[in-house]
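Trainee: Could we walk through this structure together, one question at a time? I would like to see how each answer is reached.

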Amino acid sequence: MFDKSRLKAALIEYKKRFVQTQWPDEKYKWEAVKCFQVNWDVNASDFAGMLTKSLSQAANLLTSANNFPAGMITGFAKSAGEEVRAMFIELYDESKDICERIENFKQKSSSLLERYGNGAKQHYQYENAISTYLWLRYPDKYYIYKLTEVKEVSNVLKSDYTFKRGAYASNIRNFIAFYNEICAELQQDEELKNMLASQITGTCYPDPELRTLTMDVGFFINKYYDKDEWWPKGYTPGLSADGWESLLNDSEVFTESSLEIMKRMLDYGGKANCTQLAIKYGESRNFYNAGSSALAKRVVQRTGCPVLQRDDRGNKWWPVLYVGRVAEKNEKGSYIWKLRDELAEALGRVDLSKVNLYANLAPNFWKISHGKDCITDAEAAAFEKRRVVVVHKDTAAKGKTKVSQGEDFMATMKKGDFFYLCRGNSIRLLGRIDSDEVEENSEKQDGWCERSYTVIAESRDTSPYTGDKKWWTPNDNSTCIAVPDGEMQQFENYILKPYFDITREELLKNDASGIHYWFLNANPKIWSMASMPVGEVQDYTLYNDNGNKRRVFQNFLDAKAGDMVIGYESTPVKQVVALMRISAEQDGEKIYFEKLEGLASPIDYATLKECPELEKMEYFVNPQGSLFKLTKGEYEFILDMIRDENPTPSKKDKDKYTKENFLKDVYITEAKYDRLVSVLKKKKNIILQGAPGVGKTFAAKRLAYSIMGEMDEDRIEFIQFHQNYSYEDFVMGYRPAGDGFELKYGIFYRFCQKAANHPDKDYFFIIDEINRGNMSKIFGELLMLIEADYRDKRATLAYNGLSFSVPKRLHIIGMMNTADRSLAMIDYALRRRFSFFDMEPGFDSEGFINYQKGFANDTFNTLIERIKDLNREIMQDRSLGKGFCIGHSYFCNADECTDEWMKDVVDYDILPMLSEYWFDDNAKLQRWENILHGVFQ
């Protein structure tokens with residue numbers, strides 16, 4: 001889905017320039033398709049010549065200053081014509097999945113590069129080029145894919161589709177679905193269709209489905225449409241820079257909080273949205289949103305300047321201070337605000353040095369009153385039940401401040417602030433605001449707003465207050481007013497102690513507002529945070545090897561014990577890899593960092609850099625140095641990104657799972673279970689081998705559960721090997737990203753990092769069909785590290801040159817089908833790293849016997865006896881043996897034992913397997929078919 005009104009607006013501009021500019025510049029796209037369609041012949045005897053001619057009109061699409069896909073693919077065709085022919089045949093096979101075809105084309109291009117690249121570093125056959133080949137061949141179905149372009153179009157049109165760097169398959173699918181939706185809209189636009197038809201010539205593809213036109217509209221939106229359009233264009237408050245300067249010096253108009261908003265806007269570059277300001281400087285989004293509206297109202301009241309009217313005849317206040325534009329999809333909020341030029345000039349003239357740039361994170365204390373003159377008893381009871389405090393947004397100022405109580409409630413009050421609630425002159429409770437969100441109150445509406453809270457304590461005395469009177473005491477006619485810092489001792493004596501038996505110090509003892517946040521940039525060749533064990537402390541010198549102070553030296557002095565740290569490793573890793581904490585502040589020589597958590601899925605530099613909310617982060621402004629400040633908002637924003645990719649383990653109670661549960665579920669004897677557990681704990685790596693149907697996969701997970709003592713899926717990873725599985729999938733490797741390559745971590749590497757975060761817990765990595773992969777190729781240097789004696793020992797990895805270890809309590813469980821003749825046996829070097837445990841049919845186990853008795857079915861009992869007879873013959877067969885026996889799991893997990901079910905097992909599971917076993921002995925196969933079918937006679 002996308003905003004169709006925004007597409008219509010873009011099409012108006014597109015049509016304006018189509019005939020004079022767009023078509024002359026972009027006509028070559030339609031000509032390129034026509035050229036390809038005329039010349040393409042996959043069976044041509046001179047395939048390389050045919051391919052070169054077919055692509056001859058696509059130079060603008062397949063050749064640029066640093067990108068040469070056409071030259072490379074035609075060069076490959078000259079060297080290996082039949083291989084390239086086969087690549088295109090597969091690419092154009094519409095019966096196969098598109099992402100699979102694209103991936104195969106890239107992989108085969110890599111192989112060609114190794115053999116025929118003549119020293120070239122890239123083959124340039126990536127999504128953009130390959131989608132161009134698809135579009136040229138099937139122009140009524142495909143479009144040219146370019147990530148940066150489709151992301152921009154998605155932003156402009158406010159689509160629901162997401163495009164993330166590195167998520168190739170989902171990006172391609174979302175791209176096609178998104179452009180198909182746009183195309184459907186274009187197909188209904190008769191004016192646009194007629195414009196295209198009027199320009200099409202005999203050298204152009206007619207584009208009946210408008211796919212190429214859709215692609216061109218996307219190109220236009222990305223390159224030309226809606227660039228830096230600020231609104232409203234026809235309105236101005238009519239204030240000069242001198243007029244704004246006079247207002248800035250008027251404390252009744254520009255209050256302290258108003259000046260803070262202005263200073264932060266100016267510091268951010270003069271344009272930002274509320275979310276960006278909140279992340280960078282602190283305070284809530286409402287502080288900037290409601291605070292700006294309140295400021296604009298005061299400006300209008302003081303000057304009488306004109307106000308822009310809303311469609312509902314109300315006033316739009318923000319255009320008094322700012323111009324705005326609609327926020328792009330990757331920008332939080334609805335609008336980006338920019339200071340009016342005259343206001344920005346005036347701000348440059350006044351002294352803002354004493355205005356706070358960053359918010360004070362310490363909690364404030366407030367009085368909030370649900371007055372009896374405007375809130376009924378029923379309403380007050382409902383508010384307390386829902387745990388909300390309610391204040392009207394236009395409640396007037398009180399005391400010495402010029403800021404209205406409504407503005408304070410809407411903008412100044414923040415999450416974490418304390419308040420006491422009174423009803424009339426009666427003190428009801430002590431609470432803490434638990435959200436920065438301000439909502440309209442559903443009971444009263446009409447300008448009444450609410451905030452949610454958490455109760456800390458109920459009042460010990462609800463009788464009328466009779467103490468001294470202050471602005472913030474119950475006997476003053478105030479609604480929402482902060483307790484001044486200079487009167488905190490009185491507040492404690494008048495309110496906190498007598499009514500709640502608590503002191504301010506006790507309230508603040510668990511307050512985290514004093515914690516600061518940092519971004520630590522480390523060279524992984526010197527100090528690898530990713531390789532550092534969780535809980536270990538690393539010191540970091542305040543001076544470099546030459547005795548000079550580290551860059552941004554003051555940060556090292558300001559960092560305190562308990563401060564939180566985002567751990568980032570520089571080139572070649574360029575990823576956030578850990579969460580750290582300052583365990584001890586600097587001692588004049590060193591500062592100390594403790595690792596709290598390693599990230600199984602690190603966050604790339606490019607991902608951070610793309611976030612507009614982080615564009616003013618100290619590290620991005622000037623990356624020279626080691627320790628950089630983060631605001632609380634920046635830290636929490638990065639932490640949210642981390643948690644999206646690295647969820648914390650579920651804290652829900654897990655179902656218990658014991659040895660007894662295992663023996664009930666898995667049909668082996670207690671003695672074999674005890675030996676299996678003993679071997680796995682000692683060896684760390686085990687392969688469960690056996691015939692089909694003996695329950696290897698079923699047993700593997702339950703073995704893990706039984707050792708953990710609970711069914712914790714967070715500590716189990718399950719994969720399946722296949723012939724194309726590689727070290728790059730398993731450990732790490734370079735993958736195409738945009739126009740280059742990025743180092744990506746594999747599933748085993750990430751799981752090891754995850755297990756390392758909990759060294760006191762067992763983790764299990766389960767590999768199905770372990771002998772289907774080339775294990776020496778997949779494990780690489782990890783063949784040594786997985787050995788029991790080398791656990792927690794470090795070795796240097798080939799790809800990134802950094803040290804790595806396999807955690808001591810990570811267990812590897814493999815499964816191997818001994819009846820598959822197509823698979824090679826595991827080599828001896830690998831065999832000694834694993835113990836092998838035979839899984840045998842469990843028909844005689846106590847568990848299966850009890851299961852069998854539960855059916856009380858004579859036919860089932862007879863069938864099981866025949867299967868046992870069959871297994872004895874299989875074991876005696878020299879070409880087979882016990883590894884080919886029929887397993888018990890074929891006959892398990894049935895809710896009801898019927899003849900139909902048993903016949904299905906025989907006909908569709910057992911007999912097909914026997915036909916493979918005895919493919920050269922038809923008589924034996926027929927005899928057992930008769931025996932098994934005879935059970936049902």
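Trainee: Which helix gives the most to the lining of the largest cavity?
Mentor: Remember as we go that this is a predicted model. The largest cavity is lined by Ile98, Ile102, Ser131, Leu134, Tyr142, Tyr143, Tyr145, Ile172, Phe175 and Ile176. Helix 7 (98-116), helix 8 (127-137) and helix 10 (168-186) each supply at least two residues of that lining. The top contributor, with three residues, is helix 10.

Trainee: How many charged residues are in the lining of the largest cavity?
Mentor: The volume of this cavity is about 60 Å³. Sorting its lining by class gives nine nonpolar residues and one polar residue. The number of charged residues is therefore none, since Asp, Glu, Lys and Arg are the ones that count as charged.

Trainee: What is the volume of the second largest pocket?
Mentor: Let's first see what surrounds it. The second largest pocket has 37 lining residues, and Glu256, Asn364, Asp408, Thr412 and Ala482 lie nearest its centre. By class, 16 are nonpolar, 10 polar and 11 charged. The volume is about 1100 Å³.

Trainee: How are helix 2 and helix 3 oriented to each other, roughly parallel or roughly antiparallel?
Mentor: The axes of helix 2 (residues 28-39) and helix 3 (residues 47-54) come within 8 Å and cross at roughly 155 degrees. Cys35, Phe36 and Asn39 of helix 2 make the contact with Met50, Lys53 and Ser54 of helix 3. Angles over 145 degrees count as roughly antiparallel, so the two helices are roughly antiparallel.

Trainee: Which strands are at the edges of the open sheet of five strands?
Mentor: Good one! The sheet has the order 20-23-26-19-27, with parallel pairing. An edge strand pairs on one side only, which is the case for strand 20 (716-720) and strand 27 (835-839).

Trainee: What is the bridge partner of Ile686 in strand 27?
Mentor: Start with the strand pair: strand 19 (residues 685-690) runs parallel to strand 27, and five bridges join them. Within strand 27, the partner of Ile686 is Ser835.

Trainee: What angle does helix 28 make with strand 26?
Mentor: Helix 27 (residues 670-683) packs on the sheet too, and its direction makes about 140 degrees with that of strand 19. Helix 28 (residues 696-708) lies across strand 19, strand 20, strand 23, strand 26 and strand 27. Its angle to strand 26 is about 165 degrees.

Terms used
Residues are numbered from 1 along each chain as its sequence is written. This is a predicted model: local features need pLDDT of at least 70, side-chain atom pairs count only at pLDDT 80 or more; totals for chains, interfaces and linings use all residues. Side-chain values use heavy atoms; hydrogens and water are left out. Two strands pair if DSSP finds at least two bridges between them. Helices (H or I, at least four residues) and strands (E, at least two) are DSSP runs, numbered from the N terminus. Contact means heavy atoms within 4.5 Å. Axes are lines fitted to C-alpha atoms, for helices over the stretch in contact, and angles run from 0 to 180 degrees between N-to-C directions. On a 1 Å grid over the protein atoms alone, a cavity is a set of points where a 1.4 Å probe fits but cannot get out, and a pocket is an open set with protein on both sides within 12 Å along at least five of seven lines; lining residues have an atom within 4 Å of a point. Grid points are joined across faces, edges and corners, and a volume is the space filled by probe spheres set on the points. Angles under 35 degrees count as roughly parallel, over 145 as roughly antiparallel, 65 to 115 as roughly perpendicular and the rest as oblique.
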